[in-house]
Amino acid sequence: MAVKTLLRMGNPKIYQPCATVTEFDTPALHELITDLIDTKIAHEGVGIAAPQIGVNLRVMIYGFDNRNLRYPEKTPVPVTACINPTYEVLDETIEEDGEGCLCLPTLYGIVPRVRAVKMTYQDVKGETHTVTEEDFPARIIQHECDHLDGKIYPMRIADLRNFGFHEEIRTLDFFQP
Ligand code: NI
């Protein structure tokens, strides 16, 4: 188990586009995936991307097994390690929902994302898979793929009143159950 140090907003490393993975089933790739999952779990993440722990490779994890303390109202999503993920938009309807990021502890935003995506990715052995997701899992995929392109969610928020400290912004009507 290796919980890695998370880089935070402002660190130049999180703004660099990541490199494509070309070697599969290597000890280093297995270790990276384990480290990402361990770090995600330790910080109650619902997803995590390699650049968040300082690794400039197109690797991300999405999903969470149990009720998540940071998104208690969301249904668990199977944990999946995705290498070189890309997605196409299946439903371009824009949904606004709350979003945080392990690089921005205590902060939160209301972020516009498309409703449904079809993602193609490789697993640790290099096999290609395709998955279709909508709503919250589709949001996580878009968030993590953004990381691989050097983007973090505040860059997607036009009105910065929709970005702030979690304890403040969650009092908006938007977050009332
Ligand atoms: Ni993030």
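1. What radius of gyration would a compact globule with 177 residues have, and what does the protein have? The rule puts such a globule near 16 Å, and the protein comes in at 15 Å, so the two agree. Please keep in mind that this is a predicted model. The C-alpha trace spans about 50 × 35 × 30 Å along its principal axes, and buried residues account for 45% of the 177.

2. On the fold: you will find 3 helices and 6 strands, arranged along the sequence as α-β-β-β-β-β-α-β-α. Of the contacts between residues at least 6 apart in sequence, 66% join residues at least 24 apart.

3. The largest nonpolar core is worth a look; 21 residues belong to it, and M60, Y62, M119 and I141 have the most contacts inside it. Two or more residues each come from β2 (59-64), β3 (77-99), β4 (107-122) and α2 (135-148). Helix α2 gives the largest share, with 6 residues.

4. Once its neighbours within four places in sequence are set aside, I141 is in contact with M60, Y62, Y87, V117, M119 and E133. Another core lies apart from the largest one and has 14 residues, including L6, V21, L32 and L36.

5. Finally, the second largest pocket holds about 230 Å³ of space. Its lining is made up of L6, R8, H43, R70, C101, L102, L104, P105, T106, L107, Y108 and H166. By type, the lining residues are 7 nonpolar, 3 polar and 2 charged.

Notes
Residues numbered from 1 in each chain as written. Predicted model: local features only at pLDDT ≥ 70, side-chain atom pairs only at ≥ 80, totals over all residues. Heavy atoms only, no water. Core = buried A, V, L, I, M, F, W, Y, C linked by side-chain atoms within 4.5 Å. Buried < 20%, exposed > 50% of the residue type's maximum accessible area, 1.4 Å probe, protein only. Helix = DSSP H or I, 4+ residues; strand = E, 2+ residues; numbered from the N terminus. Contact = heavy atoms within 4.5 Å. 1 Å grid on protein atoms, 1.4 Å probe; cavity = no way out; pocket = protein on both sides within 12 Å on 5 of 7 lines; lining within 4 Å. Points joined across faces, edges and corners; volume = space filled by probe spheres on them. Nonpolar A, V, L, I, M, F, W, Y, C, P; charged D, E, K, R; others polar. Rg over C-alpha atoms; globule rule 2.2 N^0.38 Å.
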